[in-house]
Amino acid sequence: MPQAPLSTQELIEADRVERDAVILKGGGLRRVLLVSGLNFELRSEDEQNVALSGYQNFLNGLDFPVQIMIHSRKINIDSYIEGLGAAQAGEENALLAGLIGEYRAFIASLVAQNPIMEKKFFVVVPYDPYFADAGIALMRTIGSLFGRKKPVNDGTEQAESSDAAFVKLDERTEQAIAGLAQIGLRAVPLV
């Protein structure tokens, strides 16, 4: 018998939003930063090299993974072009009306050849309390391979408290914001 398709809630890992962070169903935390753009092509070669070096230093300076997303969307400026047409029709000065008409034709031609794109940049900063001590877990695994016995869990090892996890996420967020600021990018947490 075929299974019913999963609901959206079952497919999405997010459980809720609390304290400006997304809390995942598994207990992990994510903070999303909105990052300003940098028009790379308008920079001189030296400025481009500095930006690339800064970006490399930013990535190499992080001791946790980040997810970088770019959302591109074509902007419809038909209403702007129509507004120029209305301004042209309402202009009493024939010279200004002609200039508005030429400008309108130029913009329409430009957009037909090169779509106007809006880009938004996001950096997702993660914190997973259960994987925070991955290095310790790796050392235990390596130790067990060489005959060391894993200590018995007496109940003292528990998941970090919610407040401690948010403090760690805040630290990572500040580190990411500072690293992006060093390459001239402004990052703000989404609320």
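In the predicted model, R16 and E18 form a salt bridge (a side-chain nitrogen of Lys or Arg within 4 Å of a carboxyl oxygen of Asp or Glu), with the closest N and O atoms 3.2 Å apart. R16 is partly exposed at 40% relative accessibility, and E18 is partly exposed at 29%. Here buried means under 20% relative accessible area, exposed means over 50%, and partly exposed lies in between; the areas are taken with a 1.4 Å probe and protein chains only. Side chains of opposite charge can pair when their charged atoms come close. The structure holds five salt bridges.

A second salt bridge joins the side chains of R31 and D170, at 2.7 Å from N to O. R31 belongs to strand β3 and D170 to helix α6, so this pair ties together parts that are 139 residues apart in sequence. R31 counts as buried, at 5% relative accessibility, whereas D170 is partly exposed at 35%. Another salt bridge is formed by R73 and E118, whose closest N and O atoms are 3.0 Å apart. This pair also links distant parts of the chain, with R73 in strand β4 (residues 67-74) and E118 in strand β5, 45 residues apart. R73 is partly exposed at 45% relative accessibility, as is E118 at 26%.

Residues are numbered from 1 along each chain as its sequence is written, and side-chain values use heavy atoms, with hydrogens and water left out. Because the model is predicted, local features need pLDDT of at least 70 and side-chain atom pairs count only at pLDDT 80 or more, while totals for chains, interfaces and linings use all residues.

The secondary structure comprises six helices and six strands; helices (H or I, at least four residues) and strands (E, at least two) are DSSP runs, numbered from the N terminus. The elements follow the order α-β-β-β-α-β-α-α-β-α-α-β from the N terminus on. Of the 191 residues of the chain, 23% count as buried.

Helix α6 (residues 162-181) has 20 residues and spans 28 Å from its first C-alpha to its last, close to the 28 Å expected at 1.5 Å a residue; the expected span is 1.5 Å times one less than the number of residues. Its buried residues include A165, F166, L169, R172 and I177. Seen down the axis of α6, the buried residues fall within an arc of 160 degrees, so they line one face of the helix. This arc is that of the directions from the helix axis to the C-beta atoms. Among the elements that cover these buried residues are β1 (14-18), β3 (29-35) and β5 (117-127).

The loop between β1 and β2 contains R19 and D20. R19 has a positive phi of about 50 degrees although it is not a glycine, and D20, also not a glycine, has a positive phi of about 60 degrees. R19 is partly exposed at 42% relative accessibility, and D20 is partly exposed at 37%.

Helix α4 (residues 94-113) gives the most to the patch, with three residues. L110 lies in helix α4 and is partly exposed, with a relative accessible area of 33%.

Technical notes
Contact = heavy atoms within 4.5 Å.
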